[in-house]
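Please open the model in your viewer and keep the selection panel at hand.

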Amino acid sequence: MTKGAPPVLQIDDIHKVLGGKEILRGVSMTVDKGELKILIGPSGGGKSTLLQCINFLLPPDQGRIFLEGHEVHFHKKAELYQFRQHVGMIFQDFNLFDHLNALDNVSIALRKVKKIHKAEARERAYHELERVGLAEKMDLYPAELSGGQKQRVSIARALAMDPKVILLDEPTSALDPELIGEVLRVIVELARSGMTMIMATHQIGYVKSLTDEILFMENGRIIERGSPEKLLHPDINTRCRGFCEMLNDLIREP
Amino acid sequence: MDAFIAIMDALPYILKGVAFTAGIVIGAMMLGLIAGIPMAVGQVYGSRPVRTVVGVYVWFFRGVPVLVLLFLVYFGVFGLIEIQLRSGYGIHINFSPFMSACLVMGMVSAAYQSQIFRGAIQALPQGQLKAASALGMSDFMAIRTIILPQALRIAIPAWSNEFSIVLKDSAVAFVLGTTEIMARTHFVASRTYQHLPLYLLAGVLYYILTWIGIKALLKLEHKVRIPGYSN
């Protein structure tokens, strides 16, 4: 029965209604340490809503979430803020703090939330910027950075908090094609280093070999799940494979 | 020549009024700032009762003329308090016209400033608060460290506009007998009958004060500008 450590994240029967529309209709999943889970599916399927429900940016209407086996009581503010420190979030449109330079974007939560001394926080932030290859850009403000650089800063910002899991909400879909690679390389590097991640994406090719499980979402439900080998196997017809082939065809169009 | 002499004679006396005018304006703008920011935050992020209270406040102070409010507070409210304190507790307090003017104009400006800051907060992308929350910040901390530093920058042009309005509205305080520019000019003009040059002088003084204030705020706007933003 007991098989070592509990999953990093366990999501149990999440429901969410937004604007009278049922966006999530009972989504469950578990993520073990070091796993990379890919959420894929047509837009409007609930991927982004699910990710925002996981760290309660959108409070779920129903369902429970466990971090390392402990249920998160999100109505208790202190517990919620504590939980969010353990769950990094990468947004589609970066959401860097526009009034802070790259270094302060990474260090501000260390100082204000973790109450780390300023010099130490800056050192840690510098280290994280180095990790995403942007140490020399530390004095630049978001408006002075390219989209790819902004997203890398936002990854550094999440990493600085030492999260147990990182949620990535289509991290490359707001980027120009030539900037996608630099962000994906950082994400691949993270996956290789054993970071636990849930990523909604359509750029499945780059991370396929590192993915532990693909979850295909449609109409607020996970309708297919399995390893990439299983879901994308040419001999098996799955909704997921059909969707991915359709995406590939779209990309191949001149 | 008479006009010139009238101005030169009256200038030292009227210039002393500049300090009172500046005092009313600075007092009112600061009071409006201190009250206006939490009101704006309450109106954007607050619960329904908070939003209602702020809304009623704003509608009241936008809807009643400054002149009415000055009389209401100075003669009505403060007069009543003075009498109550004297008869009830034997405490003798006199609220000065200057204090009344600062308070009334500050309360009115708070209503307008709250709307300036509300607009600035709502102009920020929603993702800013989301990103702050996702890092584990409380709402209060996120508003203080992420939202307000950006919103206040955006608000500077509208705030300097509000400053220029309050500065010129401050002339109304003369009805209470505050010894500011307008009251002193009126006092001299009605004795020397040199209305034309003296009111021109008063106008020029208001103009110069407006110019100084707007220029200073423009400088502030440039100083706190976020690098990379074109505006």
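Two strands count as paired if DSSP finds at least two bridges between them. Helices (H or I, at least four residues) and strands (E, at least two) are themselves DSSP runs, numbered from the N terminus. This is a predicted model, in which local features need pLDDT of at least 70 and side-chain atom pairs count only at pLDDT 80 or more, while totals for chains, interfaces and linings use all residues. Residues are numbered from 1 along each chain as its sequence is written, and chains are lettered from A and ligands numbered from 1 in the order in which they are written.

**Stop 1: strand 7 of chain A**

Select residues 165–169 of chain A, which form strand 7. Which residue stands opposite A:Ile166 in strand 8 of chain A? The residue is A:Met197. Strand 8 (residues 197–200) pairs with strand 7 in the parallel sense over four bridges. Strand 6 (residues 87–90) of chain A also pairs with strand 7 in the parallel sense, again over four bridges, and here A:Ile90 has A:Leu168 as its bridge partner.

Now colour strand 7 of chain A by burial: a residue is buried if 20 or more other C-beta atoms lie within 10 Å of its own, exposed if 12 or fewer, and partly exposed in between, with C-beta atoms placed from the backbone. Five of the five residues of this strand are buried. A:Val165, A:Leu167 and A:Asp169 lie on one side, and A:Ile166 and A:Leu168 on the other. In a regular strand the side chains alternate between the two faces of the sheet.

**Stop 2: the open sheet of chain A**

Next, display the four strands that form an open antiparallel sheet in the order 2-1-4-5 in chain A. Strand 2 (21–31) and strand 5 (70–71) each have a single partner strand, so one side of each is left without a neighbour in the sheet.

**Stop 3: where the chains meet**

Show both chains. In all, 20 residues of chain B are in contact with 21 residues of chain A, contact meaning that C-beta atoms, placed from the backbone, lie within 7 Å. On chain B, helix 5 (127–134) and helix 6 (139–169) each supply at least two residues of the side that touches chain A.

**Stop 4: chain B**

Chain B has eight helices and zero strands, and 37% of its 231 residues count as buried. The C-alpha atoms of chain B fill a box of roughly 70 × 55 × 25 Å, taken along the principal axes.

Select helix 3 (residues 66–89) and helix 4 (residues 97–123) of chain B, whose axes lie 9 Å apart at an angle of about 130°. The contact includes B:Leu69 and B:Phe78 of helix 3 and B:Ala101 and B:Val108 of helix 4.

Finish at B:Ala216, in helix 8 (residues 195–223) of chain B. B:Ala216 counts as exposed because it has 12 C-beta neighbours inside 10 Å. The C-alpha atom of B:Ala216 is separated by 9.3 Å from that of B:Ser160, 56 residues apart along the chain.

Methods: Axes fitted to C-alpha atoms, helices over the stretch in contact; angles between N-to-C directions. Contact = placed C-beta atoms within 7 Å.
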